[in-house]
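Thanks for coming. I have one structure to walk through today. Let me put it on the screen.

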Amino acid sequence: MVNIRKAEVSDLLEMQNCNLFCLPENYQMKYYLYHILSWPQLLYVAEDYNGKIVGYVLAKMEDNSKPLHGHITSLAVLRSHRKLGLATKLMRSAQKEMETVFKAEYISLHVRKSNTAAYHLYTKTLGYEQHDIESKYYADGEDAYYMKCYLNKKPSKDKAKNAEGKSDEEKDKDAAATSGTK
């Protein structure tokens, strides 16, 4: 059993370790600390039955932008805990807080062009739409899709059953636990 809960300061080191195992984009501890002190409502962790952090979402508000919107900085789930719907649950928890607490109009994120699993999660399960491609966005020179999800709009993709008898949502359950967002 895995529990999704709001992150606490004591979780930050395990969140950073999860990031190091899952993603090529790594952050210094002060960046995690900045997020949890500025937007404590927006950081969530997935904790296993032993109390180990197996996934997280790091999110923030773009406070000085018009319209007000949130941004997913990073999302990761350890390989051993993928395909359980954790990335979806983490994202939906942060999104809900952005909408209810901060009244965000939309949420943005970046995802590597090569991360097709994450792209599928965002577009098919969570209703994000591609808005731009940012050339050489990542430190290694890879391009990123810039994506948005408008909060008062249902996902545009149909969740009808496919030939295998599974809905897109069932197939997508954590197909993309690591997004490589920034």
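How many salt bridges does a search of the whole structure find? It finds 7. A salt bridge here is a side-chain nitrogen of Lys or Arg within 4 Å of a carboxyl oxygen of Asp or Glu.

Ground rules before details. This is a predicted model, in which local features need pLDDT of at least 70, side-chain atom pairs count only at pLDDT 80 or more, and totals for chains, interfaces and linings use all residues. Residues are numbered from 1 along each chain as its sequence is written, and side-chain values use heavy atoms, with hydrogens and water left out.

Start with the sheet. Helices (H or I, at least four residues) and strands (E, at least two) are DSSP runs, numbered from the N terminus. The sheet is open, with 7 strands in the order E1-E2-E3-E4-E5-E7-E6. Pairing is mixed; two strands pair if DSSP finds at least two bridges between them. At the edges sit strand E1 (3-6) and strand E6 (129-134), and each pairs on one side only. From one strand to the next, the twist averages 25 degrees. For angles, axes are lines fitted to C-alpha atoms, for helices over the stretch in contact, and values run from 0 to 180 degrees between N-to-C directions.

Look at the E1 end. E1 and strand E2 (residues 44-47) run antiparallel, joined by 4 bridges. Arg5 has Val45 in E2 as its bridge partner.

Now the helices. H1 packs on the sheet and touches E2, E3 and E4. Its direction makes about 100 degrees with that of E3. Helix H3 (residues 86-100) lies across E1, E2, E3, E4 and strand E5 (106-112). H3 runs at about 160 degrees to E4. Contact means heavy atoms within 4.5 Å.

Buried means under 20% relative accessible area, exposed over 50%, partly exposed in between (1.4 Å probe, protein chains only).

Next, the core. A nonpolar core is a set of buried Ala, Val, Leu, Ile, Met, Phe, Trp, Tyr and Cys residues joined through side-chain atoms within 4.5 Å. The largest has 47 residues. Met15, Tyr56, Ile72, Met91, Tyr122 and Tyr128 touch the most other members. E3 gives the most to this core, with 7 residues.

Back to charges. Arg5 meets Asp11 in a salt bridge (2.7 Å, N to O). Asp11 is buried, at 5% relative accessibility. Arg5 is buried too, at 18%.

Then Arg112 and Asp140: their closest N and O atoms are 3.0 Å apart. This pair links distant parts of the chain, 28 residues apart. Arg112 is in strand E5, and Asp140 is in the loop between E6 and strand E7 (144-150). Is each one buried or exposed? Arg112 is buried, at 8% relative accessible area. Asp140 is exposed, at 53% relative accessibility. Shared partners join Glu25, Arg112, Asp140 and Glu142 into one salt-bridge network.
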